[in-house]
Amino acid sequence: MTYLFISDLHLSPDHPRLIRGFLALMTEYQNKNTQLYILGDWFNAWIGDDYTAPWLDEIVSALQVFAAAGNQVYFQVGNRDFALGLKFLNQFDGILLPDVYTLEIDHKKFRLEHGDALCTDDIGYQRFRKVIRNPILLGFLKRTPLSFRQKLANGFRKKSSETTQLKSYDIMDVNTQAVESVITPVDYLIHGHTHRPDIHHVLNKQRIVLGDWRADSAWILEINPLENNQLDRINMPIPLS
């Protein structure tokens, strides 16, 4: 069994090389009995499961082939694709995980999450997160026209970009106390969101930060229990063609 962890791909039709990289990943791990965990921000924006497009159909087709080979896809929502739901995942038997999930591999406990909830110093973002993730508001937004949701998503991205430029580096990173409070009952914490890939040692545990995907490389974390539960962080070049 191969356990594969990725996050912050930010797939969109505006970045076809990232899409090709994800499709290449599916092909690479198709015959490795893989459990794929996508820890949020799979897509740069998700305006609803009723959205369709040729580029997305290509991804779904690849995932269906991937699943048919005996592999499993698990997904946690991020701050960019929190509206992604079962209607989309059911097309390839994907499983929607809760915001926080504990996975056990070879008697070791791994806490999985996107990572934005750990950035508690960013008070403005945490307030926004609480509002936009409200089930009542989400339910209302899903009933609005796609065109309205597209404009709304574009506005959120623009506002987020402008706000990020004004914030300090430290505020947008995880809070030390927040990390220590959640890592105590597990052996490892795996998350993304911050785009700062690294392995940190916290209270004799490991906090593994997944990197964001770029035009030339993609960060992945692979765990193979048969290889003494070795943690391998791999920088995989995205195909240029």
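In this predicted model, strand β2, helix α2 (residues 54–68) and strand β3 make a right-handed β-α-β unit. Strand β3 covers residues 72–76 and runs parallel to β2, to which five bridges join it. Within this pairing, Leu 39 has Gln 76 of β3 as its bridge partner.

Strand β2 also pairs with strand β1 (residues 2–6); these two strands run parallel, and five bridges join them. One of the residue pairs is formed by Ile 6 and its bridge partner in β2, Ile 38. Between β1 and β2 the chain passes through helix α1 (residues 16–28), and this β-α-β crossover is right-handed.

How many of the six residues of β2 are buried? Strand β2 spans residues 34–39, and six of its six residues are buried. In a regular strand, side chains alternate between the two faces of the sheet. In β2 both faces are covered: Thr 34, Leu 36 and Ile 38 are buried on one side, and Gln 35, Tyr 37 and Leu 39 are buried on the other.

Another pairing involves strands β5 and β6, which are joined over five bridges in the antiparallel sense. Here Leu 103 stands opposite Phe 110 in β6. The two strands form a hairpin with two residues between them, and Asp 106 in the turn has a positive phi of about 50°.

| Strand pair | Direction | Bridges |
|---|---|---|
| β1 (residues 2–6) and β2 | parallel | five bridges |
| β2 and β3 (residues 72–76) | parallel | five bridges |
| β5 (residues 101–105) and β6 (residues 108–112) | antiparallel | five bridges |

Terms used: Residues numbered from 1 in each chain as written. Predicted model: local features only at pLDDT ≥ 70, side-chain atom pairs only at ≥ 80, totals over all residues. Heavy atoms only, no water. Buried < 20%, exposed > 50% of the residue type's maximum accessible area, 1.4 Å probe, protein only. Helix = DSSP H or I, 4+ residues; strand = E, 2+ residues; numbered from the N terminus. Pairing = 2+ DSSP bridges. Right-handed = clockwise from strand over helix to strand, strands pointing away.
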